[in-house]
Amino acid sequence: MMEKSKYVRPSWDRYFMQIADTVATRATCDRGRSGCVIARDRQILVTGYVGSPTGLPHCDDVGHLMKKVIHEDGHISQHCMRTVHAEQNAICQAAKRGIALQGSTLYCRMTPCRTCAMLIINCGIVRVVCEKKYHAGAESEAMFAEAGIQLDYFGDEVMEYDNQ
C-alpha cells in the first residue's frame, strides 16, 4: 500500500507571493505584468498591479509609451511610461482607503525601481520580498540597506522581459 504524502502548506512569503502573482493577472501592460501585495501581521492590507492611471488608455489597448534612458555608465534601457507600477498602485490604494503601511511587508515580482523604493521607505514599510532581481535594481538595493529595510529574494535570477 502506498503512503499518502503529507500536504505541505506554503510559507507565508510564498503564500503572499502567489497572491501577488494572481493580482498581476489584472495588469494592463504586457511588458511586465506585475502585481504587489502589502501585508502586516499575516494579513493583506492592499494589493496593486501595473496599469495606466484611472481613466487613461492602457498599453494592452493602445500600445506602449516607450522612453529610452541613458545611464551614467553609457548603457541605454527602455521603459514604458504609460503605466503606474504595481508597488505605486498598492501604496495609492492604501492612501485612498486610509490604511497605514507602517511596519508592513511588501511582496513584488522584482526589485522595486528607484521611485518605488523611495515611496516604500517613506511609507514605513520595513521589509520587501521579491521573486527576482531587477536588472537596474542596485540603486534601490543600496537605498533599502541605508534606510534599514530588509530586502529578501527567492533567488538570484534577474527578471527578463521585452525591450529591456
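Predicted model: local features only at pLDDT ≥ 70, side-chain atom pairs only at ≥ 80, totals over all residues.
The secondary structure of the protein chain comprises five helices and seven strands, where helices (H or I, at least four residues) and strands (E, at least two) are DSSP runs numbered from the N terminus. Residues are numbered from 1 along each chain as its sequence is written, and side-chain values use heavy atoms, with hydrogens and water left out.

Taken along the principal axes, the C-alpha atoms of the protein chain fill a box of roughly 60 × 40 × 35 Å. Of its 164 residues, 38% count as buried, a term that stands for under 20% relative accessible area, with exposed meaning over 50% and partly exposed in between (1.4 Å probe, protein chains only). The protein chain exposes about 9,900 Å², of which carbon and sulfur atoms supply 50%; accessible areas come from the Shrake-Rupley method with a 1.4 Å probe, and for residues only the protein chains shown count as cover. Among contacts between residues at least 6 apart in sequence, 55% join residues at least 24 apart, a contact being heavy atoms within 4.5 Å. The side chains include 19 positive and 19 negative ones, and the centres of the two sets lie 7 Å apart. In that count Lys and Arg are positive and Asp and Glu negative, with His and the chain ends not counted, and the place of a charge is taken as NZ of Lys, CZ of Arg, CG of Asp or CD of Glu.

Helix H4 can be followed in detail. In this helix, which spans residues 114-123, Cys116, Ala117 and Ile120 are buried. Seen down the axis of H4, its buried residues fall within an arc of 100°, so they line one face of the helix; the arc is that of the directions from the helix axis to the C-beta atoms. The buried residues of H4 pack against helix H3 (86-97), strand E5 (105-110), strand E6 (127-132) and helix H5 (138-147). Asparagine 122, also found in H4, is exposed, with a relative accessible area of 72%. From asparagine 122 to alanine 86 the C-alpha distance is 17 Å, and the two are 36 residues apart in sequence. H4 is followed by glycine 124, whose phi is positive, near 90°.

Threonine 111 is located in the loop between E5 and H4 and, at 2% relative accessibility, counts as buried. Leaving aside neighbours within four places in sequence, its contacts include Cys130, Lys132, Tyr134, Ser140 and Tyr153. Threonine 111 and valine 128 are 17 residues apart in sequence, with 8.4 Å between their C-alpha atoms.

In helix H3 the reader finds alanine 94, which is buried, with a relative accessible area of 1%. Alanine 94 is in contact with Val46, Ile99 and Leu101, once its neighbours within four places in sequence are left aside. Its C-alpha atom is separated by 12 Å from that of leucine 106, twelve residues apart along the chain.

Most residues other than glycine have a negative phi. Aspartate 41, however, has a positive phi near 55°, and arginine 42 has a positive phi of about 60° although it is not a glycine. Aspartate 41 is exposed, with a relative accessible area of 68%, and arginine 42 likewise counts as exposed, at 53% relative accessibility.

Phenylalanine 154 lies in the segment after strand E7 (150-153) and counts as partly exposed, at 26% relative accessibility. Not counting residues up to four places away in sequence, phenylalanine 154 touches Asp13, Arg14, Met17, Val129, Cys130 and Glu131. Phenylalanine 154 and valine 84, which are 70 residues apart in sequence, are 24 Å apart in space, C-alpha to C-alpha.
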